[in-house]
Amino acid sequence: MVPVFSHLAWFDIADPESQELDQLARRFKLHELQIEDCRHRPQRPKTEEHDHYIFTVLKHIHDRDELEFDDIDLFLGRDFLISVRCADAAVIETVRARAGQEKVDRLDRLFYMIVDEIVDGYQPVLDKIADDISEIEDVVLDKPDPPTLARIFSLRRKLIDFRRVAGGMREVVDSLIRRENGLVGDDLDPYFRDIYDHIIRTVDLIETYRDLLSGALDIYLSAVANRTNEVMKVLTIWGTVTLPLVIITGFFGMNLHLPWTDSPYGIDYAVALMAISTIAVLVYFKMRRWF
Amino acid sequence: MVPVFSHLAWFDIADPESQELDQLARRFKLHELQIEDCRHRPQRPKTEEHDHYIFTVLKHIHDRDELEFDDIDLFLGRDFLISVRCADAAVIETVRARAGQEKVDRLDRLFYMIVDEIVDGYQPVLDKIADDISEIEDVVLDKPDPPTLARIFSLRRKLIDFRRVAGGMREVVDSLIRRENGLVGDDLDPYFRDIYDHIIRTVDLIETYRDLLSGALDIYLSAVANRTNEVMKVLTIWGTVTLPLVIITGFFGMNLHLPWTDSPYGIDYAVALMAISTIAVLVYFKMRRWF
Amino acid sequence: MVPVFSHLAWFDIADPESQELDQLARRFKLHELQIEDCRHRPQRPKTEEHDHYIFTVLKHIHDRDELEFDDIDLFLGRDFLISVRCADAAVIETVRARAGQEKVDRLDRLFYMIVDEIVDGYQPVLDKIADDISEIEDVVLDKPDPPTLARIFSLRRKLIDFRRVAGGMREVVDSLIRRENGLVGDDLDPYFRDIYDHIIRTVDLIETYRDLLSGALDIYLSAVANRTNEVMKVLTIWGTVTLPLVIITGFFGMNLHLPWTDSPYGIDYAVALMAISTIAVLVYFKMRRWF
Amino acid sequence: MVPVFSHLAWFDIADPESQELDQLARRFKLHELQIEDCRHRPQRPKTEEHDHYIFTVLKHIHDRDELEFDDIDLFLGRDFLISVRCADAAVIETVRARAGQEKVDRLDRLFYMIVDEIVDGYQPVLDKIADDISEIEDVVLDKPDPPTLARIFSLRRKLIDFRRVAGGMREVVDSLIRRENGLVGDDLDPYFRDIYDHIIRTVDLIETYRDLLSGALDIYLSAVANRTNEVMKVLTIWGTVTLPLVIITGFFGMNLHLPWTDSPYGIDYAVALMAISTIAVLVYFKMRRWF
Amino acid sequence: MVPVFSHLAWFDIADPESQELDQLARRFKLHELQIEDCRHRPQRPKTEEHDHYIFTVLKHIHDRDELEFDDIDLFLGRDFLISVRCADAAVIETVRARAGQEKVDRLDRLFYMIVDEIVDGYQPVLDKIADDISEIEDVVLDKPDPPTLARIFSLRRKLIDFRRVAGGMREVVDSLIRRENGLVGDDLDPYFRDIYDHIIRTVDLIETYRDLLSGALDIYLSAVANRTNEVMKVLTIWGTVTLPLVIITGFFGMNLHLPWTDSPYGIDYAVALMAISTIAVLVYFKMRRWF
């Protein structure tokens with residue numbers, strides 16, 4: 001199999017099922033369970049150190065909108081780097097281009113660049129989530145309707161996934177910093193620590209977003225409770241104002257010997273009575289501060 | 001007692017109460033408390049190391065639909081492997097068949113195969129739970145009724161159990177990896193780590209499912225609150241529209257000297273009044289954005 | 001003071017205030033603070049190691065129904081065992097009987113038997129709580145009334161207490177396993193580990209029960225919310241169906257020049273109008289899927 | 001400055017701003033930051049070891065009803081003990097009296113007595129809180145009104161403060177037990193462990209009380225939800241019973257050619273109709289188990 | 001570039017993008033990733049030790065009202081101190097003035113003063129938050145309206161941010177205390193511990209405030225639930241009182257052969273009937289303790 005660059009033994013496999021992976025596994029003595037891991041996706045992010053190579057499973061963002069992750073598997077030996085991934089991994093293309101430009105001539109630096117690129121890919125997604133949450137927060141207090149609720153829960157679900165992935169990635173990068181077998185040069189230490197800082201920040205932000213989102217749900221629920229309360233008040237005030245009028249008109253509609261029936265001012269008295277009852281009720285609610 | 005294979009001292013006991021277990025206990029000097037553990041089910045998953053053997057209690061899924069677990073007890077010595085379990089443990093049958101096919105000739109490998117098979121058995125259950133949750137999430141926002149609620153809580157209960165079992169199994173496999181007495185060959189290390197990865201993933205997923213399920217409950221509650229709000233609005237709007245009409249009709253039903261009673265257009269005036277009051281109320285609600 | 005058995009220096013004190021405790025304290029050089037601990041009940045479960053003896057405070061279940069705990073204090077020296085407890089501790093009686101039957105002739109074994117008996121006493125209580133929760137869960141979805149609520153909270157309160165006791169006992173048994181002063185024979189190690197397993201299981205179950213109970217509370221609240229929603233729907237449908245009829249009857253009750261008053265079919269027209277309005281409202285609710 | 005007892009160098013400063021503190025600081029070489037800590041109150045509980053003295057900030061309960069805490073600062077050197085506190089610290093007076101009676105002649109024992117007295121002072125407050133919670137629990141299910149709610153939240157706020165103080169004190173006593181500079185005699189070890197037990201118990205109880213209080217809030221909310229449900233039911237049953245009667249009376253009030261108007265039994269038919277409709281509605285609710 | 005004081009190599013850069021930072025980086029051999037950190041803001045608080053210098057990212061409060069934080073980056077070497085910050089950092093100005101007055105002549109002391117000033121800057125913000133929460137708590141039980149809700153959530157959001165910053169700062173100061181490379185004199189140890197105490201207190205208070213705020217939200221929700229309950233009661237009592245009167249007046253409005261129509265006392269009987277029904281309903285509610 002032909003490496004990506006003529007002067008560097010980086011083998012990039014875009015189809016985990018291909019025969020080439022088996023050939024490389026035989027050639028570089030890779031463990032069968034890890035080859036299986038490359039083929040049975042998805043795996044959890046992890047890193048495994050052997051005498052002559054490191055194996056890592058990383059998670060890059062495959063679909064930004066749906067927040068879907070996909071595995072990138074790396075085998076880093078003293079004289080080889082193998083990346084296994086599905087066909088459409090923009091991350092690998094970006095690294096290939098950058099490495100060509102920067103004339104990278106070390107395998108461990110290439111390895112670093114791939115990890116860095118993957119973690120950098122989380123940032124735009126975090127920004128998008130932050131925007132979404134701001135938007136939800138603006139909407140939710142003013143107009144708490146079911147679509148907003150559905151949006152809160154869909155975002156929440158994504159954050160649960162993202163949290164799991166980022167937590168796993170943090171452990172992986174932490175192990176890479178503590179590595180001991182000398183496959184990665186010590187001069188790359190600050191760079192891996194830099195990646196580590198990025199992931200810690202990512203995990204922090206995800207936690208913050210989850211807090212904010214659960215706050216948004218609380219706002220939703222309290223806004224709905226508030227609205228129900230408002231609606232009830234309108235109904236109660238209205239019912240309390242109108243029912244006496246219904247009784248008064250009913251009273252004078254009875255086929256009994258009523259007062260005022262013969263007086264031409266009867267109707268005026270009745271209207272006055274109705275006005276007084278209405279005013280009394282309104283004054284009562286005013287005193288209870290319902291307006 | 002006769003071992004499962006002629007060339008390998010694997011003794012499989014399908015009835016924990018049988019005399020054979022006592023015979024084996026005497027022959028291989030097993031601790032009495034552990035024989036008791038085999039008989040008093042259920043136990044927590046655990047592993048105990050002795051000088052000449054390891055004792056482990058494992059949990060396999062006995063009933064997938066109800067998510068019931070059952071104990072499988074293993075004693076692994078240098079020259080014997082004893083499995084104790086209830087009559088219907090498909091896991092043991094599967095391992096027996098696979099071991100026959102693959103011509104396994106080491107007791108520690110057999111031991112590994114049983115643990116692996118048990119943990120593999122969790123996957124289909126996890127998949128089923130994931131499906132159930134997706135289904136619940138689809139239903140709950142649209143139609144929050146008590147049966148859905150009952151389903152959420154039944155699933156929640158199962159997850160609490162599963163979480164406890166998986167947590168215990170994780171500790172067991174972790175101890176097996178850190179074992180020190182040399183009863184299990186070092187070449188099996190990556191294989192046990194592979195099982196460990198599976199369990200970690202299982203525990204992770206259970207946590208995720210619990211999160212999603214508690215999200216589904218929140219959706220349920222907010223959907224019910226929302227519905228109550230909707231229902232209240234309908235009642236309030238309706239009451240507010242109709243009550244003035246009741247008053248107007250009541251007014252002209254009074255047996256007093258009313259205006260318009262002699263005019264042939266009286267009824268038209270009254271209907272106009274009713275139409276105006278209705279429109280006024282509707283305009284009011286429109287302005288408050290209740291539609 | 002006379003020991004329980006003639007051949008074994010086990011002193012059992014059924015009244016912590018008695019002078020005998022002071023005599024024993026002087027004779028075996030027990031620390032004054034621990035004698036105070038015996039007398040100021042309740043204490044937290046704890047274990048304290050001295051050069052020549054171990055002091056432990058244990059919690060046995062004194063009242064199963066109310067889940068009340070009481071202290072049993074043990075002093076284990078090389079040549080003495082002192083148990084201090086209130087008059088009615090069935091645990092001590094049971095151990096006395098068993099030790100007599102089994103002809104126990106070691107103080108550390110007696111010590112173990114008391115701890116074991118105390119922890120075994122938790123099991124029937126756990127079973128009763130499990131039954132209670134099952135019963136509550138059955139009732140709560142169907143008929144969420146205040147007595148059920150009171151029951152949930154009373155059980156919850158008990159579990160909080162039990163959790164605290166069991167957590168303390170776990171630490172005590174853990175310290176006993178890690179003991180270093182040789183007062184307890186090493187051959188008892190598996191037996192103490194067995195007790196430890198029991199307590200871990202107890203703590204696990206208590207946590208599970210708390211989860212289930214908080215689930216039951218959630219069911220309660222959602223069932224009440226659901227009922228309120230149902231009640232509101234009935235009222236709204238009913239009000240929406242009847243109010244138009246009230247208006248129609250009111251309309252034709254007005255003392256104005258009405259249509260149809262002279263026609264003998266007037267009443268039929270009016271009834272038809274009422275039927276149409278009723279059907280229209282019902283169709284509307286059917287379309288909104290309120291039935 | 002004159003010490004409290006003639007034979008013991010205990011200096012008690014009742015006004016942190018006084019010059020005497022500066023004089024003592026110069027004389028015993030106390031660190032300026034700690035003198036500042038004495039003057040800028042409140043500080044967190046803490047302990048700082050120096051070569052020649054220990055500095056601790058402790059929290060005693062200053063106002064039992066409002067649960068207000070105040071700082072007591074102690075400097076313990078080989079040949080001096082300095083206590084700094086505000087004017088009204090009953091704790092110090094109690095220790096002074098007890099030390100005089102018991103003829104205490106060691107500074108480290110005095111130091112112990114002050115710490116012990118402070119921690120003992122928490123007990124009556126814990127008892128009062130327990131009583132308050134019992135009272136709230138009794139009231140809340142039966143009569144959930146806003147004053148009870150306000151009481152729950154005021155108690156909750158106090159517990160949050162108490163938890164923080166007790167947590168800090170636990171750390172302080174823990175450090176005192178692990179002290180290494182020999183300023184406190186080893187024979188006081190069991191006594192400090194006794195204090196430690198008290199604080200652990202205090203922290204435990206505070207956690208329990210917080211749990212109980214959050215339970216009381218849940219009861220409150222569910223009781224209110226229940227009441228709303230009850231109120232709604234009454235309204236709904238009532239509305240459903242009366243509205244048909246309103247329609248029937250309205251029907252026979254129409255100025256159209258009605259049936260039964262000429263029959264002397266018309267009124268009986270109408271009343272029968274009203275009775276039937278009422279019974280039908282009540283039967284319907286009985287069947288739905290609303291009573 | 002010219003240092004801030006003629007006798008001390010403190011370089012203060014008010015524009016992270018400036019060329020001067022690159023010059024200093026070259027001159028003092030600063031790591032390129034850290035220069036990048038200075039320019040890509042915001043970073044998490046952190047500290048990184050090198051052989052010849054320490055690099056720290058600190059967070060000062062840039063806008064008190066909106067609680068916005070900004071980075072201050074410090075490089076402390078044996079013979080240089082570089083601070084990088086945005087143009088308007090009052091903290092730096094304050095330190096410059098104080099250092100001039102106090103004639104500070106050590107770089108590590110300057111370094112300490114900047115960290116101290118930054119952490120001191122948190123106190124007024126904490127006080128303001130405490131005031132805000134007290135105000136909210138006063139308002140929320142009495143008048144739970146949406147603006148109060150919005151205020152709760154806005155404050156909550158700020159506290160989430162503040163918590164993250166303070167947590168990071170705590171780790172930074174903790175690392176500074178554990179530093180080992182001798183760039184900061186040991187005599188500054190108590191001072192850094194003093195800062196540490198301040199931050200711990202800050203983190204504690206933030207947690208307390210979050211607890212109080214979530215309590216305020218609970219009060220809000222329970223107050224709204226309570227109000228809805230009150231409103232419902234008014235409506236129910238009113239409806240229950242008036243509907244019988246509507247039925248009675250309707251009854252006597254029927255055009256049938258009614259009783260009492262010819263009697264001059266008919267109207268008195270009817271009014272008596274109405275009074276009795278009203279009293280009966282009020283007595284019923286009194287008995288159910290609805291007033």
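Two strands count as paired if DSSP finds at least two bridges between them. Keep that in mind as we work through this predicted model.

**Exercise 1.** Work out in which order the five strands of the open sheet in chain D lie, and which strands stand at the edges.

*Solution.* Start with the order: the five strands of chain D run 1-5-4-3-2 in an open sheet, with mixed pairing. Next, look at the ends: strand 1 (10-13) and strand 2 (46-49) of chain D each have a single partner strand, so one side of each is left without a neighbour in the sheet.

**Exercise 2.** Find the sense in which strand 4 and strand 5 of chain D pair, and the bridge partner of D:Phe75 in strand 5.

*Solution.* Strand 4 (residues 68-77) and strand 5 (residues 81-84) of chain D are antiparallel, joined over four bridges. Within strand 5, D:Ile82 is the bridge partner of D:Phe75.

**Exercise 3.** Describe the interface of chain E and chain D, from its area to its salt bridges.

*Solution.* First, the area: about 4200 Å² is buried between the two chains, with 65% from carbon and sulfur atoms. Then the residues: chain E gives 46 and chain D gives 54. Last, the charges: the rule finds four salt bridges across the interface, and D:Arg157 meets E:Glu137 in a salt bridge at 2.3 Å, N to O.

Conventions: Residues numbered from 1 in each chain as written. Chains lettered and ligands numbered in written order. Predicted model: local features only at pLDDT ≥ 70, side-chain atom pairs only at ≥ 80, totals over all residues. Heavy atoms only, no water. Helix = DSSP H or I, 4+ residues; strand = E, 2+ residues; numbered from the N terminus. Contact = heavy atoms within 4.5 Å. Buried area = accessible area lost by both parts, 1.4 Å probe. Salt bridge = Lys/Arg side-chain N within 4 Å of Asp/Glu carboxyl O.
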